[in-house]
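Have a look at the sequence and the model below, and then we'll start with how its strands line up.

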Amino acid sequence: SSSSSSSSDPSAEFYYNEQLVDHFDDSNTAVWSQRYYVNESYWNGTGPVFLCVGGETPLTPLVALDGDYHCAWAFLLTQYYGGLFVALEHRFYGKSMPMPDLSTSSLAVLSSRQALADLDQFVGFLSIMRTLKPSNVIFTFGGSYPGMLAGWARLQLPSTVFAAVASSAPVQAAANYYGYNDIVHAALEYPWDNVGGSAACAAELKLAYAELGAALLTAEGQSSLSEAFNV
């Protein structure tokens, strides 16, 4: 069974207890509990549903109180349009664990394809729990990786997702994508107030990554790294 998604406390956490572990293996009927948050403070029953898509961090109650940094606009629109705000945690983060550990075999079911299927199945559950009508359209929101999921959800699940807002979302995959590293390098070089940063800092980090890369090329280096990082 699945926990109720009705509460006057936006910080209350809920669980969808019937999420499939593997959406693409018909022989695997195992299920798990996926955490989500709901803020119905502004819900008028006729407005849209603003679904904040979780990403590579645990969700906290803050997301249901103001949308946090990925879904703040969704939260504002919830108030303006009398909508229902829902945030769904990504599998393998926070309390949403489809497998008991983070072993290589367990992580076989960690992928964006599985996450999108989670989203689709969860919306079906939410529609029943909240008696949603066709007019209660679903808007997905996210930034960076969650933004990618939000956009892909609209493309791949058009009958489920009405529209998406994908902020800073690199939806076009590219091999050897070094653009992100360039941005990080530039940030490390800049002397930010209260944070620090310098050309020397960026240079040291570049050397460290070069040493790591060289170590990975030899069996001895790999063994040394495995011991140093306990992996």
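S1 and strand S2 (residues 31–39) run antiparallel to each other, paired over 6 bridges. Two strands count as paired here if DSSP finds at least two bridges between them, and the elements themselves are DSSP runs numbered from the N terminus: helices (H or I) of at least four residues and strands (E) of at least two. In general, strands of a sheet pair through backbone hydrogen bonds, either parallel or antiparallel. Leu-20 stands opposite Val-31 in S2.

Before going further, some ground rules: this is a predicted model, with pLDDT of at least 70 needed for local features and 80 or more for side-chain atom pairs, while totals for chains, interfaces and linings use all residues. Residues are numbered from 1 along each chain as its sequence is written, and side-chain values use heavy atoms, leaving out hydrogens and water.

**The sheet**

S2 also pairs with S4, again in the antiparallel sense, over 4 bridges. Tyr-36 has Leu-88 in S4 as its bridge partner. Step back and you'll see an open sheet of 6 strands in the order S1-S2-S4-S3-S5-S6, with mixed pairing. S1 and strand S6 (163–167) are the edge strands, each pairing on one side only. On average, neighbouring strands of this sheet are turned by 25° against each other, direction ignored.

How much of S2 is buried? 7 of its 9 residues are, so S2 is mostly covered; buried means under 20% relative accessible area, exposed over 50%, and partly exposed in between, using a 1.4 Å probe and protein chains only. H3 lies across S1, S2, S3, strand S4 (84–88) and S5, running at about 115° to S1. That angle is taken between N-to-C directions, from 0 to 180 degrees, with axes as lines fitted to C-alpha atoms (for helices, over the stretch in contact), and contact means heavy atoms within 4.5 Å.

**The rings**

A search of the whole structure turns up 13 aromatic pairs. Rings of Phe, Tyr and Trp (its six-membered ring) pair if their centres lie within 6.5 Å; planes under 30 degrees apart count as stacked, over 60 as edge-to-face and the rest as tilted. Here are two of the pairs:

| Pair | Centre to centre | Angle between planes | Type |
|---|---|---|---|
| Tyr-16 and Phe-125 | 4.5 Å | 20° | stacked |
| Phe-50 and Phe-141 | 6.0 Å | 65° | edge-to-face |

Tyr-16 counts as buried because its relative accessibility is 6%, and Phe-125 counts as buried because its value is 9%.

Phe-50 and Phe-141 are both buried.

Tyr-16 and Phe-125 also belong to one aromatic cluster with Phe-14, Tyr-36 and Phe-122. Elsewhere, the charged end of Arg-113 sits over the ring of Phe-24, 4.0 Å from its centre. That label needs CZ of Arg or NZ of Lys within 6 Å of the ring centre and within 35 degrees of the ring normal.

**The whole chain**

The protein chain has 7 helices and 6 strands. Buried residues make up 38% of its 231 residues.
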